[in-house]
Structures are given as structure tokens and as C-alpha cells.
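Welcome! Open your viewer, get your selection tool ready, and let's take a short walk together.

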Amino acid sequence: MSKNTPKKSIVIIGNGISGITAARHIRKQSDHTITIISEETPYFFSRTALMYVYMGHMRFEHTQPYENDFWEKNKINLRSERVTQVVNKKQILEFETGATLAYDILIIASGSKPNKLGWPGQDLKAVQGLYHKQDLDTLESWSPTIQSATLVGGGLIGIELAEMLHSRGKKVHFLVRESSFWNKVLPPEESEMINQHIRAHGIDLQLETELKAIESNEEGRAKGVITHKGDRIESQWVGLTVGVTPNIDFLKNSDLALGRGVKVNSYLETNLPNIYAIGDCAEQMEPVSGRRSIEAVWYTGRMMGETLAQTVVGNKTKYAPGHWFNSAKFFDIEYQTYGNVSIEPNPEEEHHLFWKHSNKNQSIRLSFNPTTLELLGCISMGIRLRHSIFDQWLTDKEPMDRVIQYFNQANFDPEFYPTYEKELSLEWELSKAKLIL
Amino acid sequence: MGTLKSKINIMILTQKKGSLILGSSGFLLLLSSLFFSPQDELLLLVASMLMMVSGSLLYFKKVYGSSLAGIKNDGVWFNALTAEGIWGWALGIALTGFYVAIYWFPEVLGFNTNGTSTGLVQVFDPLSYALNGNAATQWFLYGTLYTTAILLFGVKFIWKYRHNRYQIIRTLSVMFFQLCFAFLIPEILGKLNPETPYFAKDLKNMWPLNYYFLDQWHLKNMLNGGNLGLFFLTFGLALMFIISPILTYLYGKRWYCSWVCGCGALAETAGDPFRQLSSKKISVWKFERWMIHVVLVFISVTTIAVLWSFLSSNSTMSWFSREQFIGGIVIFILVVMALLFFWKTGALSKDAKYSLLSLGIILIAVLSIQAFSGEKNILFINSYKLQKWYGFGVGAAFSGVLGVGFYPILGSRVWCRFGCPMAAILGLQQRLLSRFRITTNGGQCISCGNCSTYCEMGIDVRAYAQRGENIVRSSCVGCGICSAVCPRGVLKLENDRLENRINSENYPLGNTL
Ligand SMILES: Cc1cc2nc3c(=O)[nH]c(=O)nc-3n(C[C@H](O)[C@H](O)[C@H](O)COP(=O)(O)OP(=O)(O)OC[C@H]3O[C@@H](n4cnc5c(N)ncnc54)[C@H](O)[C@@H]3O)c2cc1C
Ligand code: SF4
Ligand code: SF4
């Protein structure tokens, strides 16, 4: 059906996961002309794998999920250029080179850029964030002259950078404002496990420490940092990893409604007809309940791309992500989460069952409603859990007794791994007893 | 504190260097026998082996023992040995040279047909006498070095993956099968039964990996080999037709390829540093499919041809005639073809077609053998010549020279991927009829590419994982490394019911579309 609709010119700004997913699914279901523009790299690569390139686990080519001729075979045009302006009245894009490109439908998938919080010295040489491929190249070029590096900001990219630099033999100082690593997301026990693990790797983790200023040498390159406590740390390179913001500066003079990101409704539509925004750069005006208005993660970018493709081929579809899930790896400790686990739960609405291995870096936390006993979410450290089972349990509002009884079905660790279901179930019996008392 | 840490670092570094020097001195000492015939071969053997073993164990301890357990791939692509750099090429050339010498110029290694060897082969005489009662041959030398390599690098592998029980148990298994089944038992059985004619005594080395299992001389020797010979013949046939299909159905081809097989054992241990070098290109995958089917057709037709000639000239040694034999084969192939034809639709149809085509070609070949062949001539070619070509082309040139010699250039499983007829058969079954699969964990994949990079069989694991699809590929040997290196816990090797083994949803889990 949709193959017969008139051929339109679809232009996508951004060749990240969201733009690429949209393009692939539009191509599967239609004959529209598709053009993807990126100023970053000619081909789609996995941003999440940048760390492994620096660590020598992979070459950059290995981060590209499709072979280079995939795009031509699928009639997806690629254009390496920077868009400077969207002129909606004429339905054209303007490029830095002065060229223009007309569109029928425009999809903005321009991603994020690293934050800078206005510190003195933040624009010195050898001070940078890690987001784009160019950031990795810059880091690589400084690398031979780095003996000691300071990272500012304890998030996911911060700990990845710590691991990266450490793998190349650099002394790493890791300044984290909070009292424990990533404790806005991780409950205290998990967060403390990571603190210890970071230190076990020989990283100088400094909690409750903020950056005051970055010092410059004669050539305008960072030579050290001053913390708010007045300590001076020598470092030839400073990484700023205090989060990301939507990369939308080039849209400032367009007629698009902007907040922190490009504002979209639940159909991913902007205020202008025929323009949509997806991925990191999109800001939901009416986010799904319990979810944030900007979710800068891989998975939501992919889902927005899948959803929007439906709309573009004529099957208007609301963006409706399923249960929240995420994962990460902190040095050697894998982390997975499904559903909701609050760090400061309201005792009327949410209780936690927590089990931790006596000497290994492994734990499981299940959150549940204390009256209905239904499962609300889960956080696991050092243990792999099965997404499909948790998704089903969350949908079915599975009661904890059954969750515990069938927990082995959710075990996704490799074969022969020691199991923990018994201990978890003991822990559950104990806390149930307490709950009834 | 900083200075203490750097002092420790320096200490580790010097100890690393020291152990490397110790190990390589042992190796050079062993090699010296190539140029100066040893005075006391026992002393030389013990001294060089001790130095090599202790040097490398110390080195592995320094490399892996001094860091926390976890994935150890730092710098793999910066290293001139593991990233096709100068050291990789140097090692590749050295290994290839060694294989060429073993197969075609054993005299270079000191082998002498009259039984009094010199040089490197002579060094292994004491061990050979102790184990099998005879002087060493180049094959004994090879077997000893091969087994030593698997044991040493096996220890290294276990150290490297000490957080992963699947890897530990699997590696202990290949070390055990190599040491006992491939090395010790055959040598000792040889010593205990000196009067019986030679036949292969490695129980696990089944046809068609052991391509001469069904050769005339080998069959005769087994039949003339008393109870032991009959046992090996019966067990070999049972392995082929009963045990292997059952195990492959239950666990996939990994039960053999990465748990038992000797080629797999070397690839998984000594070859581990080179696993990332296998090509993941779609074009190479296409080539692999063709290649593996051609090898399969070739080995099947030659074996049937050889058996036909055997039955033609030895009608008294067998319970059935050559016509009955051909008839049996034809029925067997027809049954398999019919099953394939009726069962395999949908996701499997493409692979089933390949298999049908191969079987069809074998069928035609078998029927023409029946129709046109004389006593010794198969389709006007001498069947033993055909077998000899296979032995040269596939058995030696491919499995040894290319298969191991090119580890540092083409990756550790070139032979297993493109050349091994055994892997081809097990692979067909794994794809079409097995409980094994690698499950993809819903929508958790971030397309990073670690899995594909470290798959030694060149499978683009990510291509499936990022779509939320399970991996059901005939070439997967179930080494489990893709699962180990995945930073998001996306992959799990498991055996389960056949339904939904191959899942192809439109979207990975997470979206409510
Ligand atoms: C180091 C790192 C690790 C991460 N790890 C994880 C993880 O483990 N799990 C997870 O869920 N998420 C992770 N993320 C976040 C995840 O990568 C992002 O959410 C995701 O890549 C966003 O995809 P996107 O398609 O929205 O945008 P992007 O991938 O940012 O793509 C946008 C593209 O548009 C281009 N572009 C922007 N403006 C213009 C313009 N004007 N003209 C031309 N081109 C333009 C950009 O250059 C860029 O190439 C990580 C991010 C980083 C940086
Ligand atoms: S797919 Fe995984 S288990 Fe199979 S061979 Fe490749 S790395 Fe090994
Ligand atoms: S290693 Fe894991 S996350 Fe990375 S591409 Fe493979 S399956 Fe996906």
C-alpha cells in the first residue's frame, strides 16, 4: 500500500542510531528518496563503542555496523556536510558550503554535545569532552603527552574515560561532585560497590570534589586543575564529562519551537508540519508517565526511529516506549536495569529486596509495591538478566512470590555460572517476615 | 604512593621480561638441535622443556595474575603480533615453514627413515621410547609440541578468562581430550599392541576429520587388528552415525568443535590471540558457504568411491556387497533429502536448499559410480589417487599449512571455517536440527561490535543481536567468546526447545510497536 504513495524526498540530519534506524525502516516500507546528512563521519558508527577504539579492543571500522556498500544497495544517499540553517518557508536546508537541499519531510536527529559549565580554563587546549569521533581523534593526538589526566563529572562517560585512560597507562584523577559515584541513579550499596571497584583499579577517585579552575601552561594547554577544596592536581589533559545537551544551536534561527531540545509531541512532530525530531535532540512535551522529557540513550533513539518510520510511510504512530531498561559496564562490573527502582523510595509505595554476594561484585535489587507485592523494577550488578522475562513480569505486574519462584528463568549468565537464586529466595523470605511484622 | 606504584610497575615489567627471556632461551636451546646434534638428548629435552614451560607460565602469571579478573583485550589492535603487524607476519612465516618441513621435508628436522634420527627429532627419542617403545618420528615430535602448546596456552586462556566458568570448563575439556585421547592413549596402545597393524587410535578423531578412516588400508588394518581394531571400527561408526548426531542435536556442534576436537583445541588456546583477525565480510561468508559445501561433496564422494573399490576387491572381508552398500547410501541420502524438503521452510529454506543441492550432487555421483565404475576405477579416475589428492590438498596443505601457519594473518579458525568437512556436517545439522542457539537479550544491544570482532568464525554476531534476533549459524563453534566480551550482557549460548529458536521479529524488544 505505502509503496504506491507518491515518492517524497525525505532528508535526515544526523547519521546516529536514531536517524539511521528511521532511514532503514522507511526504506523497508517505501520507495521515498532518503538522504542522510552528517558532519561527523561518512558512515554510521556506534558511538557507544568509541571507548573500545581508544583501548585497542577494536579498530574504528569495527564500530560500523553495516558494510560501506550497504547504503548504496539500499538506495540511501549519504552526504557529509554541515547544515547551518533550516528554512522551512522554502522547505530547504542550507549547508556550510553554501549549497542547499530541498525536502518534503525533514527529520532532525542531530544528537547531543558535551556540557561545559563555565569553568575558568575550560577552553584551554587539552581540555575536552567525549562525544563525537573528532573528540576521540583529539584525545588520541594528546595521548602521547599525557601522564596524568583529570576527569570532572561522575557519569557514564566519565567512568568510560577513566577506564580508557587507565588502559593506556595514564594516572587518572576522577573528580565527582556527589558523595558517591552516580548516586542519582544507583542506590547506595551499588554505588559504593562501584566506588570501591574504581579504586581497586588504581583510579584516584575523589568524591564530593568539584572543579574550580583549570590551569594553563605557556602554550595555552592545561597543566593542572584546582579543586574547590583548594587542592592542585597536575594533569596534562582534562576531561569534562558533566552530561550532554541537545545539539540544536544550528536551529536557533529557524521557526522551530526549541526548549532544551527540539520540542515534539507524542507523535514526534515539531511545531512545523513535515518536520520531526528524534533521538537525543528531541524534547518530549508530554513524556510518557514516569519518564523524562529527554532520554539521551541509545535504545530510545532507536525506538523513536522505528516509530517515526511508521508515521512517515503513512501509518501515523504514537511514540510509546515499553518498560524502561538500560545497561552499562563499570570497568569489569556489568549493570542492568529493568522497570523502576527509586533511590529514595516512598515506603508506602516501594520496597526493595536487596541481595549481595558475600565477596564478589554481584548484587540484585528488586523493587516492589509493599501492599500488592507486585514487581516494579530491578537493578543487577555483575549478573545478567533476561530482558524478555522482566518485560513480561512488569507488564503482568507479577507478584514477588512468583518472581522469586521463577527467578531462574530470568538468569541470563553464561552456562555453568554459579547461581544465586537460593540465596535470593532466602533473602525474600526474611524480608517478607519483616513486612508482615 | 605514586612512586611505590611505579616501582611495582617496573618490577612487574622486569619480571615479565625475565620470564620471556627464560622461555625463549628454552625454545632456542631446543632449536639448537637442528644445527648441532645433541650429545645428551634427554638432558636437552628436559632442560629446554622446563625452561619453556616455566618461562611462559611465569609470563602468563605476570600478565594476567597482576590485574583484576575481566576482559583482557587492551591493546590487541595496537600490538604488532596480534594486529597483523611485523611480528604477526614473522610468526606466520615461521609456523608455515615448520608445517612445510613436517609434511614434505622431515629430514630437515632430523627425521631419518632408517630409524636413527638426528637433530630435533632425536631430542624426542627418550620420550617416544617411554611412551610407545619406538624411536621418535617427525609426527611424534609434532604431536608432542602440539599437545604442549595446547596445555600451556590452555593454562594461559584459563588465567585470562578466570571469571568465566564456561571458558574454564571448556578449556579443561579440550586440554584433557588432547592430552589423553589424542596423545597418551594412542601412544600407549601402540606400545601394548606392537604386533597389530597401524590404525588411528584417537577415539575422538572421527570421519571425515580423519579422512582416511574409511580407506582400504585403514579398514583392513582395523579388521586385522583384533578386538582393539574391531572396537575402534565399531566406535568410529557409532560416533559418526549415532553419538554425534545425538550430541549435536542436544548441544550444537560445540560439543565437538570447542570441547573435544584437537584442531579446535589449538585454535582456542594457542590461536586465541588471533581470533579477531577472521574476516567478517559478507562476501567472505558467501565464499565460506560455497567452500564448505564443495569440501563436503568432495569428501563424501571420495569416501564412497574408496569404499566401493574396497568392497569390489575385498568381498570376503565384509558383511555386505558393494551393491548393497551403494543401495544403502542412496536410501540414506534420499531419506535425508525428503526430510529436508518437507521440514525446512521459512527461515531455514535458504540453507536447506544449499544442503539439498549438495546432497543431490552426491547422489548423482554415487549413482554414476555404480553405473560406470570398474574394479579400481571410479568414473575413470583411480579412487586412491582421488584420496591422495584430498590428503594432500585438504588434509595437509589446508589444515596444517594454511590452518595453523596462517593463524597470525587470517585468524585461528581458517581451517575450521572453510576447510573442515566435519564442521560442515555438524554445521548443517546445527543449523537445521539442533537445540542450540545464541539467544539475544531483547533490546539490550548497543551495536558496539565487540562480539563480531572477537568471533573467530567470522560471524557478524552484531548483525543479529542489534535486530534482537537469535544467532543460529552453521559455522558457530560455540566458543562463547562473543558472549564473554559483550559489555551489555546481550548474548547467551543455550540449548532449548526448537520452537522460536530462529526468531525474526520486526523490532527488538522495548518498543510497543
Ligand atoms: C562515549 C559514549 C558512550 C555512550 N554509551 C552509551 C551506552 O552504553 N548506552 C546507551 O544507551 N547510550 C550510550 N550513549 C548515548 C548514545 O550514544 C546516544 O544516546 C545516541 O548515540 C544518540 O543517538 P542520536 O541518533 O540521537 O544522535 P547522534 O548519535 O549524536 O547522531 C547525531 C549526528 O548528527 C550530526 N549532526 C548534528 N548536527 C548536525 C548538523 N547541523 N549538520 C550535520 N550533521 C549534524 C552529528 O555530528 C552526529 O553525527 C553513549 C554516548 C557516548 C558519547
Ligand atoms: S558466534 Fe560466538 S560462540 Fe559462535 S563461534 Fe562466534 S564467538 Fe564463538
Ligand atoms: S558485543 Fe553485545 S552490545 Fe556489542 S554489538 Fe555485540 S551483542 Fe551488541
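Start between chain B and chain A, where three salt bridges are counted (a salt bridge is a side-chain nitrogen of Lys or Arg within 4 Å of a carboxyl oxygen of Asp or Glu). Select B:Glu494 and A:Arg386: they form a salt bridge, and their closest N and O atoms are 3.0 Å apart.

A note before you go on: this is a predicted model, in which local features need pLDDT of at least 70 and side-chain atom pairs count only at pLDDT 80 or more, while totals for chains, interfaces and linings use all residues. Residues are numbered from 1 along each chain as its sequence is written, chains are lettered from A and ligands numbered from 1 in the order in which they are written, and side-chain values use heavy atoms, leaving out hydrogens and water.

Now show both chains. On the chain B side, 58 residues are in contact with 60 residues of chain A (contact means heavy atoms within 4.5 Å). The two chains bury about 4,700 Å² between them, 48% of it on carbon and sulfur atoms; buried area is the accessible area (1.4 Å probe) that two parts lose on being put together, summed over both.

Last stop: select residues 322-343 of chain B, helix α13, and residues 349-372 of chain B, helix α14. Among the residues making their contact are B:Ile333 of α13(B) and B:Leu363 of α14(B).

Conventions
Axes fitted to C-alpha atoms, helices over the stretch in contact; angles between N-to-C directions. Helix = DSSP H or I, 4+ residues; strand = E, 2+ residues; numbered from the N terminus.
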